[in-house]
Protein chains: 4
Amino acid sequence: MSEPAASELIELRRRLHAYPEPSWCEFYTTSRLADRVEEIGVDEVIVGRGAIDPDERLGVPDDSKLERWYDRAVENGARADHLESMDGGTTGLVAILDRGPGPVVGLRVDIDALPFEESTEPDHEPAAEGFRSENPGVMHACGHDAHTAIGIGVLESLADAAFSGTLKVFFQPAEEVLGGGRAMAATDHVDDLDAFFAVHVGLGHPTGTVVAGSTKPLALRQSRATFAGESAHAGLAPNEGRNAMQAMATAIQNVHAIPRHADGLTRVNVGSARAGTASNVVADEATLELEVRAGTNDVLEYMSTHVDRILRAAGEMHDCELETEVTGRAPRVDSDPELAGLVETVAQRTPGVDSIESHAPFGASEDATYFMRRVSDRGGHATYVVVGTDHPSGHHTPGFDVDERSIEIATTLLSDAIGDVLSEVAYTSH
Amino acid sequence: MSEPAASELIELRRRLHAYPEPSWCEFYTTSRLADRVEEIGVDEVIVGRGAIDPDERLGVPDDSKLERWYDRAVENGARADHLESMDGGTTGLVAILDRGPGPVVGLRVDIDALPFEESTEPDHEPAAEGFRSENPGVMHACGHDAHTAIGIGVLESLADAAFSGTLKVFFQPAEEVLGGGRAMAATDHVDDLDAFFAVHVGLGHPTGTVVAGSTKPLALRQSRATFAGESAHAGLAPNEGRNAMQAMATAIQNVHAIPRHADGLTRVNVGSARAGTASNVVADEATLELEVRAGTNDVLEYMSTHVDRILRAAGEMHDCELETEVTGRAPRVDSDPELAGLVETVAQRTPGVDSIESHAPFGASEDATYFMRRVSDRGGHATYVVVGTDHPSGHHTPGFDVDERSIEIATTLLSDAIGDVLSEVAYTSH
Amino acid sequence: MSEPAASELIELRRRLHAYPEPSWCEFYTTSRLADRVEEIGVDEVIVGRGAIDPDERLGVPDDSKLERWYDRAVENGARADHLESMDGGTTGLVAILDRGPGPVVGLRVDIDALPFEESTEPDHEPAAEGFRSENPGVMHACGHDAHTAIGIGVLESLADAAFSGTLKVFFQPAEEVLGGGRAMAATDHVDDLDAFFAVHVGLGHPTGTVVAGSTKPLALRQSRATFAGESAHAGLAPNEGRNAMQAMATAIQNVHAIPRHADGLTRVNVGSARAGTASNVVADEATLELEVRAGTNDVLEYMSTHVDRILRAAGEMHDCELETEVTGRAPRVDSDPELAGLVETVAQRTPGVDSIESHAPFGASEDATYFMRRVSDRGGHATYVVVGTDHPSGHHTPGFDVDERSIEIATTLLSDAIGDVLSEVAYTSH
Amino acid sequence: MSEPAASELIELRRRLHAYPEPSWCEFYTTSRLADRVEEIGVDEVIVGRGAIDPDERLGVPDDSKLERWYDRAVENGARADHLESMDGGTTGLVAILDRGPGPVVGLRVDIDALPFEESTEPDHEPAAEGFRSENPGVMHACGHDAHTAIGIGVLESLADAAFSGTLKVFFQPAEEVLGGGRAMAATDHVDDLDAFFAVHVGLGHPTGTVVAGSTKPLALRQSRATFAGESAHAGLAPNEGRNAMQAMATAIQNVHAIPRHADGLTRVNVGSARAGTASNVVADEATLELEVRAGTNDVLEYMSTHVDRILRAAGEMHDCELETEVTGRAPRVDSDPELAGLVETVAQRTPGVDSIESHAPFGASEDATYFMRRVSDRGGHATYVVVGTDHPSGHHTPGFDVDERSIEIATTLLSDAIGDVLSEVAYTSH
């Protein structure tokens, strides 16, 4: 294997950092990645529509937002054929090195950014070094720019390596809304994977640390609910309204009060509410953004059933119509101990790694679990690797940044681990 | 007409006061009244089952309570044939003077008492004079003892009078629960009434005052709702419960929040709630007693529809079964100005009357309105007369008492007014 | 008196209609009116800051909105000295004809528009005739353009008339938010009024109808409440949040459930709610727009006290800070029967009037009542006159329009009535 | 050691089973136990007041209930001196074998029963064998009758044994309400314990199984909250009420919705609610019985703080006074692995034991943890032992029963384990 120059990956990461795009709007990012993997010389590149199952997407923004980012990508010089394949928000890319019979390995990295305004503080490195976000209100505040660079780095490493088998790198869109994992994992690109790796930097782990296999991500479902009632003058004819405000308040109170479950932890949150227009008008519309999480997939089902019943009844109670839409979803799937064991072994020889945990709880939610479940259901092995990175500020905050040394560490670690699987040194798929 | 001796009516009232019975349990009271009207010598007496339509009763207590009061009436010497006709809570009595062709006039008085413990204070006349309630926890705290005496007084007055026509006195059970008016007004005894009087003493009006025709009683519906869920250990398996407590709380909050109505005043109250057993058990049952009132019958319908929908949805929201029962009901019906005019005229010559109001708002609710609506629907005239009485304490309080002078005033006023209708002096039915 | 040419008033009304401005942003409107009254030749004009008491304003929008409309007025050629006097949202104007000793009469017309997009339907006259709103999202949908023209018309009528006494015409800003009446009625311009007229067109009354004195406007208080809590990750640390969403929902449910009042009708509405940002974040802020109304000022006080207590407790319950601001307010004041009698008399001789009601309930709320209360408290007389106008669509709807004939009718009616007061023909102030 | 005859312990258990008494009402039970331990010949017996700290009791019933059970104990022949020491509900007993210097060991068994009506089904052994509860509405449905017999059995075993040191057996009242553990653990009898054992039969473990040390009992707080408002006629004067019903409903909804906690599981339940009297009266009183539980003591503190704040704010919101009382409480304390290890070792040689778990989660809550915490805080060792018993129906159900063979197993296991500690064979206190 040839190691990619670390400085090139850092430069790539900085370019991605400067041009963050929100979920399902990664038009420019995908196009740039397509250019890059073509330069590397892979055997197959699937851009856009073929890289995901469009019907399985969740949380796709409305057309006007999609168009705005599409047009921006056009202006910035994204290739027309790439863009055409992503029209309507079908972003993402799969890059394949196909070297004949042998193990089939997948690596998934996510590529989208968050709707935050990036810090302008002088001690914020991207600001100081001139690669702060050029897209107002959007920011790579969770390290997906680094993940993407790592994905490219692994491709480069293995492109020149001698092995028999196949490597597929999945550049997944829309992880931040838990909307892309399901769509990408539903494609037949995932059908034949014997081993699967997902990677995340940071998450509180400092540079030099590796968690070989994350466990216990929370199963999650996010949704949007809209109550439609009828407006009326609050002074002259309050009885003529069908009060979406009251339906909403009843729903909020009762959703938060779903009973705890004996079989696992639960979470519930109504995080956003918008209702009505003015104090003297009975509100005719109310929209909630809410989510439930759980320690197991069954308990998530329990929470979801309760949410749905509460919303439905709250609407009926106030004679309002209800529309709901699932906008994000991820199951709980734990890392496979065997494959995590291989990562642990490789990490012991990886330069820059000074602390290894065989497993650790993930805490939050991730839709890489869709890949992991699919691979595991078919008898393959899957692990979710965390590569530590010093980050001066928490994930999902305006001052978030990564320690760029972790890009090289992760690239080496994953290239070697994948190489080992492909050469069947340490691990036999079954 | 021969005037009944006032002292006899007062003695009757005191005997009734000492033996108060709750709604639908007026076994002894009805039997004593039957004895008395037979002594007076009326043309027809209908006791119990024939005096009401049993299927139209509301708010009938459970069998064990009915039996307890039935047995008590037996012990106190109520006649067996009377009691037999009231078995199962079919109390009440109609007494008829039938003197051939001519106007048919009805008078309704109510006979039940309230579930209060009567005052033992020395300044409470019934306590001081030795006719305080002998039935613990029950009390004539609204003057129905006086009303009953007035009904007897009017019968006596007119029994010896010369007239052509018919007088029917309705001794109605279960007014306090708004459950007897509907049952009695549904009988064919009400079919042929040309004129109808109901009477109430007090209501804040002092002795000497007469309101010739009350208006604007609130339409009312009282009901009971029971949510049935499933219990579970609150620590070990909270998810296995179906929480009737939460259904109940949601119902209480939303019922109180039914929007006001442009067409008339509204009232709503959940007055009683009972749910669950212990802190460590998810409640599997919750029962509410609630009511709605309104300025018009249409607005009552609006309120009732909302209550029913809210209760149903609250049950569905928490996966609980709902049972509801209407326990009391009364429409709004205003007094007929023409018949009230006759009362006003008669009042001007009635001894003891020093202040007359042609009409006044009633404020609360009354199920005499069922008679009034039926009479009025058939072209007859109906008025609800208030005869003032000094009362030292409010209606429905333990210290309530009436000024017994008002019994004679009311008897004279109503006898004369009914006499005028029967002799067609001042008023022609059509 | 010289009658103003109806066509000029109609033209003025159309110009105002084409340039509607929201409450407290009537910079251009006020300036144009100042120009016009100067042309008429009044004795005194007070523009902006002096026409109102700035500290008594309610519902003033934020600075950025004020600046936007200020700048727009500058662009449209409003006079610099006028604008300077209105800087910061101190709009409005008082025009005075001072003809020496004698009665002092006030007329109030309101000048602001509503935040609606005007209809573009071909059967909507302003669209068909080319005077539809040029200010996107703002519209004269309640007839204040007509009111303003009537105010000018009355001034013109009486400017040349011979009388001894004073006429003050109040061009009031911010009626739509119930925020300007209090501020203008608090000035000393109102100190010496012997008689006061307010006028509104339409309100369901057709052209040709006059209501000489409106009664029973609902007392009203509108307010904004903001709960400030603390955000937290809904999956990782729900306990670290202070949940403004839950505070808000509790407030909504309980505010709508404030008990009805025996002494008068009540209204309550939470009409707008905005809380939180995303489903996975515990909401740290929630803002409600709400109002209470009542049949009497005491009952409004009762409702307001309850709202304030509920909001405060809802905040405490969820450990959130609460900020509240009263954004609109109007007391209930009924028209004076004596002054309404004069209007009735004058209406009988006014051309175009074919139906007169001495009084009628107003139904909604109006802050002209601040003037009426102040005048009445000082021994003067005040009436609120409704001049019918055929309107094809309801007030506060995109298709609202007035029948322009009503402008002349109202101008004549009010000029004559004011003239009568000034000449002390039919009415003697005291 | 001399083994007590198993048949005698079974007979004792059956006598206790036939005479169950509720928490703090164990007058007869305590007196009978006092008789029995005197027969055994212990060195010290502390009956009633001295066995507990009366001020630390929680969940003591009202005087009328205490008196009823006291009188019943008198009738059944409980000794007067015993009863005197328990007057006012100070039940419980400590029996001490004091054999000079050496280790001090405690064993705690609980003695109270539950407010359930026992099954009369023929397949319910106590019914079939004639030792069903003679106290209507009360039942030993959790095995405390067996625990008590085990306590006696251990005392008998060790009474004749040769050892140097002290054994204290704590017959604890009021475990079912989590009210007695705190009171007994607060006495100085617990000051000098080097080792402490608590025992429970069943809990889903079959006969033959032993759990040497339970872990993770839920920390718990139970409380009662009463809102006091003001009643009013719901039709005539709803505004005059201060609505305890609404305060209660708001509290129920919000208490159930306390946010989950990142650091451990939580439970919350409002299990009982009683409010108001009748549908037409605004409720002036409402009482809730509720509880919170948590995986850690800190998280219980979090839950308790939230409950208290919510209740306080719900009262303020509806202008009601609030009174709260903690009625039950237990901390989380896990078994000491070292002492559990000793139990495990002993269990391996105990006849009838065929399955041993070194530790297992407890699931529910227990106030033996007060003893465990106190002992552990002072450097001693404490373990909570579960001895399996086949039970045909769940704990706290009318058909619950124990397999009496488990009484002998537990007696032998605990006698031996305590014997080992006393003889310092396997374990050295420090």
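A: In this predicted model, C:Ala198 stands opposite C:Tyr384, a residue of strand S12 of chain C. The two strands concerned are S5 (residues 195-201) and S12 (residues 381-387) of chain C, which pair in the parallel sense over 7 bridges. Strands of a sheet are joined through backbone hydrogen bonds, and the pairing may be parallel or antiparallel.

This pair belongs to an open sheet of 8 strands in chain C, whose order is S1-S2-S4-S3-S5-S12-S6-S11 and whose pairing is mixed. Strand S1 (44-47) and strand S11 (355-361) of chain C form the edges, since each pairs on one side only. On average, and with direction ignored, neighbouring strands of the sheet are turned by 20° against each other.

Two helices of chain C can be followed onto this sheet. Helix H11 (residues 369-377) packs on the sheet and touches strand S3 (104-110), S5 and S12 of chain C; the direction of H11 makes about 150° with that of S12(C). Helix H12 (residues 405-422) of chain C also packs on the sheet, where it touches S3, strand S4 (166-172), S5, strand S6 (209-215) and S12, and its direction makes about 170° with that of S5(C).

Strand S5 may next be considered in chain A, where S5 (residues 195-201) contains A:His200. This histidine has 27 other C-beta atoms within 10 Å, and because 20 or more are required, A:His200 counts as buried. Beyond its neighbours within four places in sequence, A:His200 is in contact with A:His147 and A:Val386.

A:Cys142 is buried because it has 26 C-beta neighbours inside 10 Å. With neighbours within four places in sequence left aside, the contacts of A:Cys142 are A:Leu114, A:Glu176, A:His395, A:His396 and A:Phe400.

Helix H6 can also be viewed in chain B, where it covers residues 144-159. The helix has 16 residues and reaches 22 Å from its first C-alpha to its last, close to the 22 Å expected at 1.5 Å a residue. H6(B) is mostly covered, with 15 of its 16 residues buried.

A further region of chain A carries an annotation. UniProt, again in an unreviewed entry, assigns residues 224-313 of chain A the feature "domain: Peptidase M20 dimerisation". The end C-alpha atoms of this span lie 16 Å apart, and the span is 33% helix and 29% strand.

Finally, the chains themselves meet: 36 residues of chain A are in contact with 36 residues of chain C. On the side of chain A that touches chain C, helix H8 (244-256), strand S8 (266-276) and strand S9 (285-294) each supply at least two residues. S8(A) gives the most, with 9 residues. By class, this side of chain A has 16 nonpolar, 15 polar and 5 charged residues. S8(A) pairs with strand S8 (residues 266-276) of chain C in the antiparallel sense over 5 bridges, and A:Arg274 stands opposite C:Arg274 in S8(C).

Terms used
Residues are numbered from 1 along each chain as its sequence is written. Chains are lettered from A and ligands numbered from 1 in the order in which they are written. This is a predicted model: local features need pLDDT of at least 70, side-chain atom pairs count only at pLDDT 80 or more; totals for chains, interfaces and linings use all residues. Two residues are in contact if their C-beta atoms, placed from the backbone, lie within 7 Å. Helices (H or I, at least four residues) and strands (E, at least two) are DSSP runs, numbered from the N terminus. Ala, Val, Leu, Ile, Met, Phe, Trp, Tyr, Cys and Pro count as nonpolar, Asp, Glu, Lys and Arg as charged, and the others, Gly among them, as polar. Two strands pair if DSSP finds at least two bridges between them. A residue is buried if 20 or more other C-beta atoms lie within 10 Å of its own, exposed if 12 or fewer, and partly exposed in between; C-beta atoms are placed from the backbone. The expected span of a helix is 1.5 Å times one less than its number of residues. Axes are lines fitted to C-alpha atoms, for helices over the stretch in contact, and angles run from 0 to 180 degrees between N-to-C directions. UniProt positions are given in the numbering used here, feature names are shortened, and annotations may be inferred rather than shown by experiment.
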